[in-house]
Amino acid sequence: MRRRAGARTIWATISALYLTSSLPVAAAPLLVPTDATAVDLAGGWHDRWTLIRSIDTSLKYLKSPAAAAVYPREGVSRSRLASSLKHFREILKTAPDAQSFSARVLRDFQLYQVDPKPDSPEVLITGYYAPIYRASLKPTATFRYPLYRKPADLVTSGERGLGQATARGIQPYPTRYEIEKQNLLAGQEIVWLADPLERFLVHVQGSARLQLTDGTTRSIGFAAKTDRPYRSIGKALVEDGKIRPEDLTLQAVKDYFKAHPDELESYLYKNDSYVFFRWTDDGGPYGSLGWPVTAMHSAAMDKRVFPPGALLFIQAELRDGPLRQFVLDQDTGAAIRGRGRLDLFVGTGPEAEYRAGQINSAARLYYLLLKNPAS
C-alpha cells in the first residue's frame, strides 16, 4: 500500500509526516547471525491463525514472476525462503503451546539480526493504518477535495512515478500545488472528501475506507505516485517551532491545524509528491506485493534493501508495553527508506489509529530462515 496500506496514522502517519525518505543504502552486511536465546519468540505465538494468513500471502507472492525477478536477495534464495515459511507455518499449526512453539523454532531456524548502520544508529518501528472518512462520488459544497485516478500521462517505473513523457525524454510531473491549484486533472476525479487534511492523510496512508453519501461503503487504494520529493509537514511544523519534537504525533498535527486553519494549505503544499488511487472493493488494503495486507502481521520496509515477503520477528518496548510480533515484509512507504525503518500495518479505523499511535520505538528485528532448507 506504505505505504501503501497504507498503507500509512498516528505514528504511522508521523513516520511519513516527520521522517525523511532519502537514507542511503549501504553495502555492509545487513543480516547478522545471532544467538536467539535472548529473543522472546514465545511472546509472538499469539494470534497465530491470522499470522498464518499473512504467511500464505507471502507464499503466493513467492510463486509469482515478480518474486523471480528480485531473488536471490541478501544471499537468500526464493526456494529457501519458501521452505522456511512453509516449515514455520507447520510449527504454528501443530505446536500445543507457546513454549513448545519457541523450542521448535529455535531448533530449526537460524535468526539473523538486522544491522541498521550506517543508515541509522538503531531500527525505528512505527505503525500505519487505513482511515475511515466520509466521501461523495460527486462534488458538492461540502465534498470538494478530490482524489484522482492515475493519469494517462504519468510515466511509471515499478512503484515510482517518473513524470510526463516529452519529445526530449521524461520531465518531472507537476507538483502538488500545481495539480490542485491549477486544476490540472479535471475529469480524473474518482471521489471527493470533505476536508483537505483528510485528503492529504489518505495520500500518506495510501488507502482508506470511505463512507459514501449514498449509504454505501467502498475502499480506495494506492495506484501510482509522482517522483517529486516527499516533504514532511510534521517536520516542517517542528522546524518552525509550532510543535515540540517530543510532542509530535498525528493528533498534535490535527490539533494544530484545527487551531490554525489558515496555515494548513501552505504546509500541505510544502510536499510536492502526489499519490493517485483506484477502487479496491475486492479486498484490501493492498500492499506493494499485490495482495491485501494483514493487520499486525504485515509490514512496510525498503524493498531496495530487504528481501520482500520474508518473515521477521519484532522485539520492542512500546509506551504501553512490550511488542513481540512476527510480521511479513509485504508493503512499502514513501518515508520507509534504508535499513533502519519498519512500518507495521495496524488495521482500519479509529481503534487502529490509536494503536498505531503507540508504536514509535527503537526495536530489534530478526529474520528467520531454516537451518536446513531441505528438511
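Guide: We will take the terms one by one, and note that this is a predicted model.

Visitor: Why is Ser273 called buried?
Guide: Its relative accessibility is 5%. Buried means under 20%. Ser273 therefore counts as buried.

Visitor: Where is Ser273, and what is it in contact with?
Guide: Ser273 sits in the loop between α10 (264-268) and β12 (275-279). Neighbours within four places in sequence are left aside here. Ser273 is then in contact with Arg176, Lys225, Thr226, Arg228, Pro229 and Tyr230.

Visitor: Why does Asp47 count as partly exposed?
Guide: Its relative accessibility is 37%. Buried stops under 20% and exposed starts over 50%, with partly exposed in between. So Asp47 counts as partly exposed. Asp47 lies in the loop between β1 (31-34) and α2.

Visitor: And what makes Glu74 partly exposed?
Guide: At 41%, Glu74 falls in that in-between range, so partly exposed is the term. Glu74 is in the loop between α3 and α4.

Visitor: Which kind of peptide bond joins Tyr71 and Pro72?
Guide: A cis bond, with omega at about 5°. Pro72 is in the loop between α3 (65-70) and α4. A cis peptide bond joins Lys117 and Pro118 too, with omega about 5°. Pro118 belongs to the loop between β2 (109-114) and β3 (123-130).

Visitor: Why are α4 and α5 called roughly antiparallel?
Guide: Helix α4 (residues 78-94) and helix α5 (residues 98-108) pack at about 160°. Angles over 145 degrees count as roughly antiparallel. So α4 and α5 are roughly antiparallel to each other. Their axes are 10 Å apart, and the crossing is right-handed.

Visitor: Which residues of α4 and α5 meet?
Guide: From α4 come His87, Phe88, Ile91, Leu92 and Thr94. From α5 come Phe101, Arg104, Val105 and Asp108. By class, this contact has 5 nonpolar, 2 polar and 2 charged residues.

Visitor: How do you know that α2 is roughly antiparallel to α4?
Guide: Helix α2 (residues 48-62) packs with α4 at an angle of about 160°, with axes 10 Å apart. The cut-off is over 145 degrees, so α2 is roughly antiparallel to α4. The crossing of α2 and α4 is left-handed. Among the residues in contact are Trp49, Leu51 and Ile52 of α2, and Leu81, Ala82 and Leu85 of α4. The residues of this contact divide into 11 nonpolar, 1 polar and 6 charged.

Visitor: What makes β5 and β12 edge strands?
Guide: Start with the sheet. Its 6 strands run in the order β5-β9-β4-β10-β11-β12, forming an open sheet with mixed pairing. β5 (145-148) and β12 each pair on one side only, and they are the edge strands. Neighbouring strands are turned by 45° against each other on average, direction ignored.

Visitor: How do you know that β5 and β9 pair?
Guide: Two strands pair if there are at least two bridges between them. β5 and strand β9 (residues 189-193) have 4 bridges, so they pair, in the antiparallel sense. One of the links is Leu147, whose bridge partner in β9 is Val191.

Visitor: Which helix lies across β5 and β9?
Guide: Helix α7 (residues 196-205) does. It also lies across β4 (132-136), β10 (207-212) and β12, and runs at about 20° to β5.

Terms used:
Residues numbered from 1 in each chain as written. Predicted model: local features only at pLDDT ≥ 70, side-chain atom pairs only at ≥ 80, totals over all residues. Heavy atoms only, no water. Helix = DSSP H or I, 4+ residues; strand = E, 2+ residues; numbered from the N terminus. Buried < 20%, exposed > 50% of the residue type's maximum accessible area, 1.4 Å probe, protein only. Contact = heavy atoms within 4.5 Å. Axes fitted to C-alpha atoms, helices over the stretch in contact; angles between N-to-C directions. Parallel < 35°, antiparallel > 145°, perpendicular 65-115°, else oblique. Left-handed = near helix turned anticlockwise from the far one by under 90°. Nonpolar A, V, L, I, M, F, W, Y, C, P; charged D, E, K, R; others polar.
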